[in-house]
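Reader: I am new to this structure. Please show me how to read its main features, one at a time.

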Amino acid sequence: MTSRIIGTGSYMPAQIVTNDDLAKIVDTSDEWIASRTGIRNRRVVREESTSFMAAEASRRALESAGVKPEELDLILVGTSSADHCFPSAACEVQGELGAVHAAAFDISAACSGFLFALNTLQAFIQAGMYKTGLVVGVDCLSKLVDWKDRSTCVLFGDGAGAAVIRAEDTGIRHTVMKSDGAKWKVLSCVSRTNGNFINGRQPKQGYLYMDGQEVFKFAVKKVPECICEVLNESGTDIGDIRYFILHQANYRIVESVAKRLKQPMDKFPMNMEHYGNTSAATVPVLLDELNRSGKLKQGDRIVLSGFGAGLTWGATLLEW
Ligand code: ACO
């Protein structure tokens, strides 16, 4: 027994922020951003909360799967920008949907959040504990970036993607998840001061920090490695993979991974031009776009791969 993705959905905020819009608030240009990242536009929330985006994407995924909220056994939300310390975004989504029989919790793995949540749900299903689940990747990094820091604020966008998973005989074939906590400082968002009873300070949220070149080096090394691992361990020929759906941080990372794997670029769909890096949402949003445009055919072999803060990274091989 394994599990299969039977429906997908996504939600992107309506507000579009272009590179030219950003050039009005920081010293940057469309040329600089587009040539280094492939990003031209991103969506940024006006009023939407993280859990609102997650619930909307989930509704669309449930509708596409033909599954009712009450049928869900487990809801996992991969996010690093939940609206509250607690409750989890997953519990808020559960409440919004009326998924009265589901257990719900968040998974914190930054940009790898959707992939780690999917692989976790797969493990629960393989173990026979659950039959039907919902996995969401959602982030609202516009809440966490310093809008005066041109080296980070131009990279990110907000959004959510979701998938409904059910126990079936074919679907997910193999999963790999990795972490390297020794390198956590490369990409982080820490509290600047912790609230403290003795000193009476209130907690203050810090901004997202990134060492861009370290993240670049990490991604182009570790992503091909874990993709090869998932293929080798499942005895799959790389030539049989229809699509590699990678975390959409930067087109140069995707190109470099394709080159290292010696695979043609038409196997690596990209959409960061329109949405920027939506962190945990990039993989499920791209998956939903491909699914809705009819590009995924039954039996297609697909590799999903995420990487991000932690550091965390991983890959999932599945049959559509
Ligand atoms: N506009 C104009 N100039 C800028 C901007 C900007 N938005 N940001 C930085 N610069 C300047 C810097 O100040 C620096 O100027 P200096 O030479 O006068 O000091 C110059 O551009 C070069 O800066 P670098 O940081 O060396 O730029 P680099 O070529 O490495 O590109 C980038 C930065 C695009 C972030 C690159 O490192 C990268 O692709 N990293 C991968 C990380 C990534 O994509 N992270 C996404 C989030 S993490 C994740 O999703 C896992």
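Reader: How many helices and strands are there in the protein?

Author: This is a predicted model. In the protein, 10 helices and 13 strands are found.

Reader: How do I read the radius of gyration?

Author: Set the value beside what a compact globule would have. For 320 residues that would be near 20 Å, and the protein has 19 Å, so the two agree. Along the principal axes, the C-alpha atoms fill a box of roughly 55 × 45 × 40 Å.

Reader: What share of contacts joins residues at least 24 apart?

Author: Take the contacts between residues at least 6 apart in sequence; 76% of these join residues at least 24 apart.

Reader: Is Ser256 buried or exposed?

Author: Compare its relative accessibility with the cut-off: buried means under 20%. Ser256 has 18%, so this residue counts as buried.

Reader: Where is Ser256 found?

Author: Ser256 belongs to helix H8, which covers residues 251-261. Its C-alpha atom is 9.3 Å from that of Lys221, a residue 35 positions away along the chain.

Key
Residues are numbered from 1 along each chain as its sequence is written. This is a predicted model: local features need pLDDT of at least 70, side-chain atom pairs count only at pLDDT 80 or more; totals for chains, interfaces and linings use all residues. Side-chain values use heavy atoms; hydrogens and water are left out. Helices (H or I, at least four residues) and strands (E, at least two) are DSSP runs, numbered from the N terminus. Buried means under 20% relative accessible area, exposed over 50%, partly exposed in between (1.4 Å probe, protein chains only). The radius of gyration is taken over C-alpha atoms; the globule rule is 2.2 Å times the number of residues to the power 0.38. Contact means heavy atoms within 4.5 Å.
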